[in-house]
Number of protein chains: 2
Amino acid sequence: MSSISIIGSGNMAGAIGALALRGGHTVEVVGRDSDKATALARALGPGATVGTWGHAPVGDIVILAVLFAGAVPIVSEYGEELADKIVVDITNPFNADASALAIPHDTSVAQQISDVAPASTQVVKAFNTLFRHILAAGDPVDVFIAGDDAKAKAKVSAFITSLGLRPRDTGDLSMAHWLEGAGLLEMGLARNGLGFDISLGVQVGGAE
Amino acid sequence: MSSISIIGSGNMAGAIGALALRGGHTVEVVGRDSDKATALARALGPGATVGTWGHAPVGDIVILAVLFAGAVPIVSEYGEELADKIVVDITNPFNADASALAIPHDTSVAQQISDVAPASTQVVKAFNTLFRHILAAGDPVDVFIAGDDAKAKAKVSAFITSLGLRPRDTGDLSMAHWLEGAGLLEMGLARNGLGFDISLGVQVGGAE
């Protein structure tokens with residue numbers, strides 16, 4: 001049981017925060033709009049606190065639960081306040097109709113974050129292939145991760161496991177690009193017959 | 001029950017050919033090396049025949065089961081012989097260590113094939129996220145597909161279903177790029193803890 005911080009007050013912040021509390025962690029919610037952050041912390045209930053925007057988060061793991069366009073600017077704004085932290089990027093850089101990615105092909109939001117973060121900050125991509133309502137349901141779904149630092153991935157994997165979910169390591173941070181593409185695949189699957197009550201996962205041994 | 005053609009005599013050709021025969025189809029095997037094609041057809045057994053390289057395949061569905069570098073040249077070489085056919089591209093354009101794609105970022109092998117194929121040829125991406133041994137096992141795994149023509153996708157989906165597998169439509173042919181990236185993700189998962197007895201699939205409703 002540890003303390004995690006969530007930057008963002010939206011529905012993904014709420015879903016991950018609720019799972020984290022259920023998993024026995026304490027949760028610090030931080031939002032640029034402190035009223036929204038306070039409202040989310042209250043909704044989450046005991047164990048949730050409100051942090052101060054722009055100050056060093058309490059948790060070793062910092063979930064960046066904001067829209068993709070805000071992710072890099074926020075990490076830049078935080079600067080050294082994120083030193084030694086593990087930043088978990090959950091964003092999907094979709095274009096307007098979620099048919100393509102809206103960032104250059106040779107990078108990912110996670111890599112862009114890593115580029116602007118302090119050298120001691122480790123960035124891990126995770127959770128981007130899970131629709132909010134799937135995550136909120138708390139079923140034991142697969143959570144794909146990618147990152148360059150083995151220790152950071154081990155910590156994030158332990159956190160994911162503590163939520164009752166399955167961490168699935170895809171490799172180094174360059175794989176974040178393909179995980180962001182997997183978000184597009186998932187949108188395609190949802191729109192072409194399966195509906196949105198799905199997520200991508202791993203079939204082990206051809207099991208059904 | 002229909003007749004399908006497979007261009008290629010390698011292990012993916014063998015795995016798909018065996019499933020197709022088991023599904024009640026007849027299978028035409030075509031290889032540039034006719035000895036290899038003949039050997040594969042014999043190994044597959046009753047219902048398998050050998051076609052003539054470069055001539056119009058018998059099947060409406062033509063599985064292009066060759067290494068990615070050969071796919072576009074072969075379709076170019078066949079030219080009008082592939083008119084009105086559905087060409088199923090199963091390739092993964094991996095670089096030497098399967099850590100990145102070896103073709104430009106704004107396309108896919110499937111789209112490159114479509115670019116050089118006759119106008120009446122429909123290209124469908126499928127099967128590229130299945131390791132040969134997973135496919136050979138015949139368990140009811142997910143087969144992701146992508147293509148621009150709804151009728152062609154319906155025919156390929158029916159074929160996949162007849163093999164005891166589950167077609168999963170991801171959208172138009174532009175999604176083939178992300179399916180090729182999903183091949184990289186799968187390699188990453190295999191190398192980072194899960195091993196190669198896996199495939200990517202869809203978790204419906206958060207089910208385990």
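Modeller: This is a predicted model. Chain A contains seven helices and nine strands. A compact globule of 208 residues would have a radius of gyration near 17 Å, and chain A agrees with this because its own value is 16 Å. The C-alpha trace of chain A extends over about 45 × 35 × 35 Å along its principal axes. Of the 208 residues in chain A, 58% are buried. Among contacts in chain A with a separation of 6 or more, 68% are between residues 24 or more positions apart. The accessible surface of chain A is about 7,900 Å², and carbon and sulfur atoms hold 53% of that. As for charge, chain A carries 13 positive and 22 negative side chains, with 6 Å between the centres of the two sets.

Now to the part you asked about. A pair of aromatic rings is described by two values, the distance of the centres and the angle of the planes. Over all chains, there are five aromatic pairs. One of these five joins A:Trp53 and A:Tyr78. The ring centres of A:Trp53 and A:Tyr78 are 5.5 Å apart and the planes stand at 75°, which is over 60 degrees, so the pair is edge-to-face. A:Trp53 sits in the loop between β3 (48–50) and β4 (61–64) of chain A, while A:Tyr78 belongs to helix α3 (residues 68–78) of chain A; the pair therefore ties together parts that are 25 residues apart in sequence. Both partners fall under the 20% limit for buried residues: A:Trp53 is buried at 18% relative accessibility, and A:Tyr78 is buried at 2%.

B:Trp53 and B:Tyr78 are edge-to-face, with 5.5 Å from centre to centre and 75° between the planes. B:Trp53 is in the loop between β3 (48–50) and β4 (61–64) of chain B and B:Tyr78 is in helix α3 (residues 68–78) of chain B, so this pair also ties together parts 25 residues apart in sequence. B:Trp53 counts as buried at 18% relative accessibility, as does B:Tyr78 at 2%.

In helix α4 (residues 109–116) of chain A, the buried residues are A:Val109, A:Ala110, A:Gln111 and A:Ile113. The cover over the buried residues of α4(A) includes α3, β4, β5 (86–89), β6 (122–126) and α7 (175–194) of chain A.

In chain B, strand β5 (residues 86–89) contains B:Val88. B:Val88 is buried, with 1% relative accessibility. Apart from neighbours within four places in sequence, B:Val88 is in contact with B:Ile61, B:Val62, B:Ile63, B:Leu64, B:Val124, B:Ala126, B:Phe127 and B:Val156. Four of those names, B:Ile61, B:Val62, B:Ile63 and B:Leu64, lie in β4 (61–64) of chain B. The C-alpha atom of B:Val88 is 12 Å from that of B:Gly8, and the two residues are 80 residues apart along the chain.

B:Ser157 counts as buried at 17% relative accessibility. Not counting residues up to four places away in sequence, B:Ser157 touches B:Ile145 and B:Pro167.

Terms used
Residues are numbered from 1 along each chain as its sequence is written. Chains are lettered from A and ligands numbered from 1 in the order in which they are written. This is a predicted model: local features need pLDDT of at least 70, side-chain atom pairs count only at pLDDT 80 or more; totals for chains, interfaces and linings use all residues. Side-chain values use heavy atoms; hydrogens and water are left out. Helices (H or I, at least four residues) and strands (E, at least two) are DSSP runs, numbered from the N terminus. The radius of gyration is taken over C-alpha atoms; the globule rule is 2.2 Å times the number of residues to the power 0.38. Buried means under 20% relative accessible area, exposed over 50%, partly exposed in between (1.4 Å probe, protein chains only). Contact means heavy atoms within 4.5 Å. Accessible areas come from the Shrake-Rupley method with a 1.4 Å probe; for residues, only the protein chains shown count as cover. Lys and Arg count as positive and Asp and Glu as negative; His and the chain ends are not counted. The place of a charge is taken as NZ of Lys, CZ of Arg, CG of Asp or CD of Glu. Rings of Phe, Tyr and Trp (its six-membered ring) pair if their centres lie within 6.5 Å; planes under 30 degrees apart count as stacked, over 60 as edge-to-face and the rest as tilted.
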